Amino acid sequence: MLLWSVFLLGMAFGVAARLGRFCLLRGLRQQMGRDTEVAAGQAPALQAFALALAVALLASQGLQALGMLDLSQAAIARPSFSIAGVLIGGLLFGVGMVLARACGARSLVLLAGGNLRSLVTLVFLALGAQLAMTGVLTPLRLWLQALTPLSLAHATLPAYLSSLNTWLLTLGLALLLLAYALLRPGLRQSRLQWCSALLIGLLVAAGWWITAHIGVDEFEPARLTSLSFIGPIAEALLYLQLSVGRDPGIGLALTAGVLAGAFLAALGSRTARWEGFDSTSRLAASAGGGLLMGVGGVLAAGCSIGQGLSGLSTLSLASFVAVAGILLGTLVSLRLLRQQ
């Protein structure tokens, strides 16, 4: 039941992300004037991401206030982490995302519509993640994670605040995000994009609820998870190679669901078509970008969706550091590439 629920969650994300072209990188490119599809000064994709984050934050914190889950038990909420390790991981992920021109989630969505460039990105992303988790890069990962260690009493901001102050903080952040998302005209002009963002925000909260209530073992309860794609993509590729004797897990179900949903959306919108590489340099960039995202995502404990939406919806302190690294790596890379 749990795997099917996660599969359906992934399907819904795949449909929404495909139809709404949901992508943080696309939004940042628009904001910097690198996207010719929109008028100068507008960034509807970035506004859509802000709307999704506002909804994810309000819905997730709302479920916690109602006593339906405890976000401090989320796997992504870590009271002990390396500030340098998480920040460097975010930086690597941001650079890789720019090189590959898509994050892991976006690559899954594009692959479902026939984009073979994304297949290369995903294979190398999974390879990078495995190299960092259990492969030859494990010593480097452990060394980076030992730098500037921080041990906190609690992993999330609400644990340090009263219920009233938690809601004041949540509402304040959500209002700022909603103001940016809705007061500017870009997103309001695309009903499909804001509907997609609204649904994706709700899916983040749904992911927390599903893993908190469905298929829970009273004696060995699993930590809460929601939308995140570095670990699941690596898990899915590993399962394809070594499925004998292994039970399918949440990561495989989520990845398969996203591919299925995005494929159906691509067929329904008649946007499915085969796409490949136009140069060897583009091939190298996709491979290298995927590798950096895999290694960086392991260090940062998440991706632009896993930390940027799911992590921030818990108000995890580590997520703020990871997202800062992702944004910095992305913006610096976009600026450097523009100067070339």
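Mentor: We need one term before anything else: a residue is buried if its relative accessible area is under 20%, exposed if it is over 50%, and partly exposed in between, with a 1.4 Å probe and protein chains only as cover. What you see is a predicted model, in which local features need pLDDT of at least 70, side-chain atom pairs count only at pLDDT 80 or more, and totals for chains, interfaces and linings use all residues. Residues are numbered from 1 along each chain as its sequence is written, and side-chain values use heavy atoms, with hydrogens and water left out.

Helix 14 is mostly covered, for eight of its eight residues are buried. If you trace them in the structure, you will pass Gly306, Gln307, Gly308, Leu309, Ser310, Gly311, Leu312 and Ser313. After the helix comes Leu315, which has a positive phi, near 60°.

Helix 14 (residues 306-313) packs with helix 10 at an angle of about 60°, and their axes lie 10 Å apart; axes here are lines fitted to C-alpha atoms, for helices over the stretch in contact, and angles run from 0 to 180 degrees between N-to-C directions. Helix 10 and helix 14 are therefore oblique to each other, since angles under 35 degrees count as roughly parallel, over 145 as roughly antiparallel, 65 to 115 as roughly perpendicular and the rest as oblique. Their crossing is right-handed, the name used if the near helix is turned clockwise from the far one by less than a right angle, whereas anticlockwise is left-handed.

Helix 10 (residues 191-213) also packs with helix 1 (residues 2-20), this time at an angle of about 160° and with the axes 9 Å apart. That angle is why helix 1 and helix 10 are roughly antiparallel to each other, and the crossing of these two helices is left-handed. In the loop between helix 10 and helix 11 (230-241) you will find Arg223, which counts as partly exposed because its relative accessibility is 42%. Between Arg223 and Pro149 there are 23 Å in space, C-alpha to C-alpha, although the two are 74 residues apart in sequence.

Arg117 and Glu275 form a salt bridge, with their closest N and O atoms 3.2 Å apart; the term requires a side-chain nitrogen of Lys or Arg within 4 Å of a carboxyl oxygen of Asp or Glu. This pair links distant parts of the chain, because Arg117 belongs to helix 6 and Glu275 to the loop between helix 12 (250-268) and helix 13 (280-300), 158 residues apart. Arg117 is partly exposed, with a relative accessibility of 25%, and so is Glu275, at 23%. Glu275 also meets Arg273 in a salt bridge, at 3.9 Å from N to O, and Arg273 is exposed, with a relative accessible area of 52%.

Technical notes. Helices (H or I, at least four residues) and strands (E, at least two) are DSSP runs, numbered from the N terminus.
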